[in-house]
Amino acid sequence: MELLTQNSKIKKTSKEMGVRLFNFGITAYKSASGKLTCPFADKCVKYCYAQKGAYSWGNVKPAFEKRYELTKTDDFVDVMSKEIIRKRVEYLRIHDSGDYYSKKYRDKWFTLMKRFKDVRFYSYTNSLPLFRDVELPDNFCTIYSDGGKLSDTIDKNNERHSVVFKSLKDMDSEGYVNASDNDLMATKWFNKTNKVGLKFH
């Protein structure tokens, strides 16, 4: 089972930026057993790209499910550590599919971040309560997603967040940086504003 992969956008960004960028995903929204993997999802479920296209292919869904099951084990941190070393990861997007479903799971990623201080980790997330009033590792960047249950609580002046736009013109007029084609433009290392724009697709 491949733990770290590259979806088309990640692969394109990695090539254009000349960096070793990978993504890690688990089952989107609900696991096969009915457990919520995106506990704070709301209207975003309706347009979730991780439930369409290549993400819905027959051989892909079981892979996400296997990764989700692995995240629940005590072995996850050590198994992921070996994969990060093997792939020589420089940037890692956590959850191109799925989200942080518990504090315990979040803490496993914090352990990895502290273990690999030279790797830069980032996530779009709707699990806002797991990251507010918590000291985040310096090598981690969160982007609060549009469309979750708590979207209305996002401080758009001070918290990095994403908004989905119908057109690039609308995105530009609102002062958002386009991260539709280059995934790293969502992060604090390449986008000095807190505004991350994504074009609806």
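**Terms and the values behind them**

Q: With which residues is Ser145 in contact, leaving aside its neighbours within four places in sequence?
A: Ser145 is in contact with Tyr124, Thr125, Asn126, Ser151, Ile154 and Ser162, where contact means heavy atoms within 4.5 Å. The model is a predicted one, in which local features need pLDDT of at least 70 and side-chain atom pairs count only at pLDDT 80 or more, while totals for chains, interfaces and linings use all residues. Residues are numbered from 1 along each chain as its sequence is written, and side-chain values use heavy atoms, with hydrogens and water left out.

Q: Why is Ser145 called buried?
A: Its relative accessible area is 12%, and buried means under 20% (exposed is over 50%, partly exposed in between; 1.4 Å probe, protein chains only). Ser145 is therefore buried. Its place is in the loop between E4 and strand E5 (161-165); strands (E, at least two residues) and helices (H or I, at least four) are DSSP runs, numbered from the N terminus.

Q: How do you know that the span of helix H4 is close to the expected one?
A: Helix H4 (residues 103-115) has 13 residues. The expected span is 1.5 Å times one less than the number of residues, which is 18 Å here, and H4 reaches 18 Å from its first C-alpha to its last. The buried residues of H4 are Tyr105, Arg106, Lys108, Trp109, Phe110, Leu112 and Met113.

Q: What makes a set of residues a nonpolar core?
A: Such a core consists of buried Ala, Val, Leu, Ile, Met, Phe, Trp, Tyr and Cys residues joined through side-chain atoms within 4.5 Å. The largest one here has 30 residues, and Phe24, Met80, Ile84, Leu92, Trp109 and Phe121 have the most contacts inside it. Its largest share, 5 residues, comes from H4. Apart from it lies another core, of 14 residues, among them Leu21, Tyr91, Tyr124 and Ile143.

Q: Why is the pair of Tyr100 and Phe131 called edge-to-face?
A: Rings of Phe, Tyr and Trp (its six-membered ring) pair if their centres lie within 6.5 Å; planes under 30 degrees apart count as stacked, over 60 as edge-to-face and the rest as tilted. The centres of Tyr100 and Phe131 are 4.9 Å apart and their planes are at 70 degrees, so the pair is edge-to-face. Tyr100 lies in the loop between E2 and H4, and Phe131 in the loop between strand E3 (120-125) and E4, 31 residues apart. Phe131 is buried, at 3%, and Tyr100 is buried at 1%.

Q: What makes the pair of Tyr100 and Tyr105 tilted?
A: The angle between the planes is 40 degrees, and the distance is 6.0 Å centre to centre. This angle belongs to neither the stacked nor the edge-to-face class, and therefore the pair is tilted. A search of the whole structure finds 15 aromatic pairs.

Q: How do you know that the charged end of Arg67 sits over the ring of Phe64?
A: A charge sits over a ring if NZ of Lys or CZ of Arg is within 6 Å of the ring centre and within 35 degrees of the ring normal. The charged end of Arg67 is 5.1 Å from the centre of the Phe64 ring.

Q: Why is Asp133 called exposed?
A: Asp133 has a relative accessible area of 85%, and it is therefore exposed. Asp133 is found in the loop between E3 and E4.
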